[in-house]
Amino acid sequence: SARVSLGCHSLRQLQRNIMSDSKEPETSTPSYLVNAEQKNQQSMECRLCGCKILRPGHAVLTEKEYGLPARGTTQAEDHFWLLKDMFDFENIGFLKGVPQEGGGEIKWLTCADCEKEVLGFHDTRQKGEYWLCCSRVKYT
């Protein structure tokens with residue numbers, strides 16, 4: 001199966017990157033990316049080592065702005081896959097939490113095999129919300 005790595009900063013750019021020759025209107029979500037329930041239609045894996053991270057049907061594509069660590073700086077990301085249960089992941093690692101003002105902490109999500117980059121986050125104040133960055137995974 002084909003693998004697609006997404007470097008996206010807007011839904012329209014995401015659509016152009018994935019479906020550049022598609023006749024779908026720019027405002028629609030690419031049909032092969034989500035199913036009728038708006039959940040991921042493809043498996044996802046680590047773009048660096050190929051470890052399987054998520055099977056189809058467990059996450060909803062969501063527009064959300066958040067800064068993720070990347071090579072010593074923070075990179076703004078704006079599209080994430082939202083998962084409601086950490087057990088929906090096939091393989092995921094949680095890095096040590098970063099304390100937040102007002103309580104709770106942010107736990108960075110990483111590949112359970114290579115741990116080479118941050119793939120998303122979980123805010124411990126928001127139970128049942130695990131955010132996986134759409135541009136930091138490969139689709140298979």
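This is a predicted model: local features need pLDDT of at least 70, side-chain atom pairs count only at pLDDT 80 or more; totals for chains, interfaces and linings use all residues.
**Ground rules.** I number residues from 1 along each chain as its sequence is written, and I leave hydrogens and water out, since side-chain values use heavy atoms. Local features need pLDDT of at least 70 and side-chain atom pairs count only at pLDDT 80 or more, while totals for chains, interfaces and linings use all residues.

I looked up β4 and β5 first. Helices (H or I, at least four residues) and strands (E, at least two) are DSSP runs, numbered from the N terminus. Strand β4 covers residues 60-70 and strand β5 residues 73-83; they pair in the antiparallel sense over nine bridges. Pairing here requires that DSSP finds at least two bridges between the strands. I noted E77 of β5 as the bridge partner of Y66. Two residues lie between the strands of this hairpin, and R71 takes a positive phi near 50 degrees there.

Most residues other than glycine have a negative phi. R71 counts as exposed, at 82% relative accessibility. My cut-offs are under 20% relative accessible area for buried, over 50% for exposed, and partly exposed in between (1.4 Å probe, protein chains only). Q38, also not a glycine, has a positive phi of about 65 degrees. Q38 sits in the loop between α1 (11-18) and β2 and is partly exposed at 41%.

**Cores.** I then searched for nonpolar cores, that is, sets of buried Ala, Val, Leu, Ile, Met, Phe, Trp, Tyr and Cys residues joined through side-chain atoms within 4.5 Å. The largest has 22 residues, and I53, W81, L83, F89 and L132 have the most contacts inside it. Two or more residues each come from β2 (44-46), β3 (52-54), β5, β10 (130-133) and β11 (137-139). A second, separate core holds nine residues, including F80, I106, V118 and C133.

**Aromatic pairs.** Searching the whole structure, I found seven aromatic pairs. Rings of Phe, Tyr and Trp (its six-membered ring) pair if their centres lie within 6.5 Å; planes under 30 degrees apart count as stacked, over 60 as edge-to-face and the rest as tilted. Y66 and W108 have ring centres 6.4 Å apart and planes at 65 degrees, so this pair is edge-to-face. Y66 lies in β4 and W108 in β8 (residues 105-110), so the pair ties together parts 42 residues apart in sequence. Y66 is partly exposed at 24%, whereas W108 is buried at 16%.

F80 and W131 also form an edge-to-face pair, with 6.5 Å centre to centre and 90 degrees between the planes. F80 is in β5 and W131 in β10, so this pair ties together parts 51 residues apart in sequence. Both F80 and W131 are buried, F80 at 0% relative accessibility. Ring pairs link Y66, F80, W108, F121 and W131 into a cluster.

I also checked F80 against S135: their C-alpha atoms are separated by 8.2 Å, and the two residues are 55 apart along the chain.

Last, I looked up F87. F87 is found in the loop between β5 and β6 (93-94) and counts as exposed, at 67% relative accessibility.
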